[in-house]
Amino acid sequence: MNDTRLLVKGLTVTLREQPFTPILKDVSFSVGRGTITGIVGGSGSGKTTLALALLGLVPPAMRVKSGEILFEGRDVLGMDAEELRRLRGARISMSFQEPSGAFDPVVTIGAHILAAMAAHNPSAGTLARQKMLDLLALVEVPDPRRVAACYPHELSGGLRQRAMLALALCARPALLVADEPTSSLDVTLQARVMALFRKLRRELGVSIVLIAHDLGMVRRLADETVILSQGRVVGADHAYAKALMAAEEM
Amino acid sequence: MSEMRLAWQRFVRDRVAFIALGVLGLLYALTLFADVIAPYTLRDESRLHTYCPPSALHVLAADGSFSGLYVRGVAMHYDEYRRRSYNETQDVYPVKFFARGEPYQLFGLVRMDRHLFSVDEPGRIYLLGADSRGRDIFSRILHGARVSLTIGILGVLISFGIGLLVGGIAGYFGGHVDNVLMRLCEMVMMVPGFYLLLALRAAVPDSLSSLQIYAAITIILSFIGWAGLARVIRGMCLSLKERDYVLAAWTMGLGDMEIIVRHILPHTISYSLAAVTLAVPGYILGESALSLIGLGIQDPYASWGNMLSEAMSIVRIQFAPWILWPAFFIGLAVMCFNLVGDAWRDAWDPLLKGRGDNA
């Protein structure tokens with residue numbers, strides 16, 4: 001129990017307007033310290049909703065009907081706005097499927113990271129810049145100094161993805177929720193990002209929730225895999241899981 | 001910011017607007033150096049030159065030879081109906097450049113007494129004629145431009161600040177906050193502007209120094225102006241906050257105000273710039289209107305509005321039409337700001353071109 005960082009128990013999320021149409025139905029899983037948990041599902045299976053809910057960000061059109069999300073023993077869904085703000089980015093952070101959308105086009109990469117650092121550690125001062133460059137180096141960005149001064153549109157997709165990981169890791173979170181980190185990248189870059197995840201887990205001890213639609217990729221990387229179909233966790237003998245595995249072998 | 005550069009390129013292609021921008025630049029440059037350019041200071045007057053018409057500039061001496069620029073003295077006459085008229089005398093007053101005259105402080109710092117051009121006393125040079133107290137209208141237009149042209153910019157900056165903040169907060173938080181703030185805006189916008197202006201002016205004591213009056217008018221004008229801008233900014237924020245980078249900023253634990261200031265308001269700046277330029281004329285006209293009816297800048301200080309208060313009598317306009325010059329400059333400045341603002345908005349969003357003013 002001591003090794004559990006995140007525990008999701010019976011999470012049910014419904015649309016506000018249609019309380020009997022669950023987006024997520026009775027979802028339970030746990031994430032241990034320094035482990036990678038893969039969550040696999042097709043389009044509309046509720047993956048992204050689940051990812052946002054882990055950070056206490058349930059979209060306004062939805063509502064949590066029942067269940068708990070315990071992060072380091074504290075219930076995320078019961079926290080007030082300020083507690084959540086201090087949790088996000090600092091203890092749990094998230095990287096997005098589309099890094100080009102997740103960066104503000106008029107703010108440089110470096111300024112994004114510095115602002116996020118300042119939000120959790122206002123007194124860092126001049127050290128923050130060096131830490132920011134170290135972070136970019138950690139996620140294997142070549143020439144961090146140049147990249148930090150770039151605007152998001154000046155970077156390639158792979159660089160942007162890594163820059164976003166640097167942003168997500170800037171306050172050394174205990175849990176990283178990575179939403180489709182590789183689906184916008186080509187195969188060689190996918191392999192590099194996956195290697196990067198292994199390295200981050202090894203070097204930072206960060207637990208990772210890896211959300212993807214690609215079962216093969218997740219199975220290679222994750223210690224545990226949760227398959228989500230139409231908002232429910234399904235076992236390996238479920239029709240959808242079988243279809244996924246069949247698709248894998250083709 | 002390359003979008004900004006593209007918009008600028010489109011703006012430059014609009015010749016009329018580009019010229020208007022040049023005219024505005026010139027007006028502000030004249031304002032900055034008003035003390036040097038104006039032959040007379042604010043307090044200068046000559047009761048012997050009441051409503052003296054614009055001075056004729058001569059270059060040929062009486063015998064027809066070239067003599068350099070000079071003006072003649074004038075003598076006042078009354079006809080049998082006690083109507084005033086001026087005749088040129090034979091006295092010659094050469095126009096001197098950078099000669100010593102009344103002392104002033106350039107930019108309020110540097111003591112100087114050189115004027116761009118002047119004539120020796122008792123000669124007077126009136127490029128645009130004189131007013132009821134024999135004051136040079138040209139000089140007073142330059143001095144008055146300080147009030148009239150800066151009050152617009154200053155007022156807009158204040159109301160712009162309030163509008164951005166209120167609109168940003170209303171749009172970002174939505175719900176009850178939005179509801180309360182927008183109803184507040186509507187209350188401000190509901191009252192007809194000019195009456196609100198009068199009511200607010202009445203709330204300020206009259207026994208103020210000219211600087212205090214200037215500040216009071218600026219604040220009153222911006223109090224009226226912020227609501228319209230806040231509404232538009234709020235609308236933009238409603239859509240901007242749905243962007244992924246705002247969600248990303250949330251997941252990084254950034255505070256609400258930081259997200260508004262860093263990730264939302266910067267994206268409204270190009271629109272706001274156009275809105276601000278289009279709002280300046282309203283402030284210039286507002287100040288003119290207040291000063292015209294004697295509630296604004298008080299004599300002996302000049303503003304284009306209070307100079308026009310002399311032109312409220314049709315009889316005076318008939319025999320001294322040059323007292324309407326300030327109106328020309330108000331019109332010029334207002335027109336230029338409108339041209340520049342329109343062109344900038346079109347340059348920013350070519351789809352809006354020709355849609356009129358309600359965009």
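Analyst: Helices here are DSSP runs of H or I with at least four residues, numbered from the N terminus. The model is a predicted one.

User: Which helix of chain B holds Asp35(B)?

Analyst: The helix in question covers residues 34–37 of chain B. Asp35(B) falls inside that run, in helix α3.

User: Is Asp35(B) buried or exposed?

Analyst: Buried means under 20% relative accessible area. Asp35(B) has a relative accessibility of 11%, so the residue counts as buried.

User: Which side chain makes a polar contact with the side chain of Asp35(B)?

Analyst: Leaving out residues up to four places away in sequence, Asp35(B) touches Tyr104(B), Gln105(B), Leu106(B), His115(B), His143(B) and Arg146(B). A polar contact at 2.7 Å joins the side chain of Asp35(B) to that of Arg146(B).

User: How many helices and strands does chain B have?

Analyst: Chain B has 359 residues, and 45% of them count as buried. Its C-alpha trace spans about 85 × 45 × 40 Å along the principal axes. The secondary structure of chain B comes to 13 helices and 5 strands.

User: What percentage of the contacts in chain B with a separation of 6 or more comes from residues 24 or more positions apart?

Analyst: Contact means heavy atoms within 4.5 Å. Among the contacts in chain B with a separation of 6 or more, the share from residues 24 or more positions apart is 67%.

User: Which elements of chain B give two or more residues to the nonpolar patch?

Analyst: The patch has an area of about 780 Å² and consists of Leu57(B), Val59(B), Leu60(B), Phe66(B), Leu69(B), Phe97(B), Phe98(B) and Leu127(B). The elements of chain B that contribute two or more residues are β1 (58–60), β2 (66–78) and β4 (96–106).

User: What is the relative accessible area of Phe98(B)?

Analyst: Phe98(B) is found in strand β4 of chain B and belongs to the nonpolar patch. Phe98(B) counts as partly exposed, with a relative accessible area of 48%.

User: What area is buried between chain B and chain A?

Analyst: The size of an interface is often given as the accessible area lost when the parts come together. Here 16 residues of chain B are in contact with 26 residues of chain A. Carbon and sulfur atoms give 72% of the buried area, which is about 1600 Å².

User: Which element gives the largest share of the side of chain B that touches chain A?

Analyst: Across this interface the rule finds 0 salt bridges, and it finds 6 residue pairs in polar contact, both residues at pLDDT 80 or more. On the side of chain B, α8 (244–251) and α9 (256–264) each supply at least two residues. The largest share, 6 residues, comes from α8(B).

User: How many residues apart are Glu72(A) and Arg91(A)?

Analyst: Glu72(A) and Arg91(A) form a salt bridge with the closest N and O atoms 2.5 Å apart. Glu72(A) sits in the loop between β4 (62–71) and β5 (74–75) of chain A, while Arg91(A) sits in the loop between α2 (81–87) and β6 (92–95), and the pair links distant parts of the chain at a separation of 19 residues.

User: Why are Arg86(A) and Glu82(A) separated by about one helical turn?

Analyst: The two side chains meet in a salt bridge at 3.5 Å, N to O. Arg86(A) is partly exposed at 48% relative accessible area, and Glu82(A) is partly exposed at 38%. The separation is about one helical turn because the two residues are 4 residues apart in helix α2 of chain A.

User: Which residues are linked with Arg85(A) in a network of salt bridges?

Analyst: The salt bridge between Arg86(A) and Glu82(A) is part of the picture here. The network that includes Arg85(A) also holds Glu82(A) and Arg86(A).

User: Which helix of chain B holds both Glu186(B) and Arg183(B)?

Analyst: Their side chains meet in a salt bridge at 2.9 Å, N to O. Glu186(B) is partly exposed at 32% relative accessible area, as is Arg183(B) at 40%. The two are 3 residues apart, about one turn, in helix α5.

User: How many salt bridges does a search of the whole structure find?

Analyst: The pair Glu186(B) and Arg183(B) is a salt bridge, and Glu72(A) forms one with Arg91(A). Over all chains, the search finds 21 salt bridges.

Methods: Residues are numbered from 1 along each chain as its sequence is written. Chains are lettered from A and ligands numbered from 1 in the order in which they are written. This is a predicted model: local features need pLDDT of at least 70, side-chain atom pairs count only at pLDDT 80 or more; totals for chains, interfaces and linings use all residues. Side-chain values use heavy atoms; hydrogens and water are left out. Buried means under 20% relative accessible area, exposed over 50%, partly exposed in between (1.4 Å probe, protein chains only). A polar contact is a pair of N or O atoms within 3.5 Å; within protein, one must be able to donate a hydrogen and the other to accept it, and residues adjacent in sequence count only if both atoms are side-chain atoms. Patches are made of residues with over 30% relative accessible area and no salt bridge: like charges are joined within 9 Å, nonpolar side chains (Val, Leu, Ile, Met, Phe, Trp, Tyr) within 5 Å. Accessible areas come from the Shrake-Rupley method with a 1.4 Å probe; for residues, only the protein chains shown count as cover. A salt bridge is a side-chain nitrogen of Lys or Arg within 4 Å of a carboxyl oxygen of Asp or Glu. Buried area is the accessible area (1.4 Å probe) that two parts lose on being put together, summed over both.
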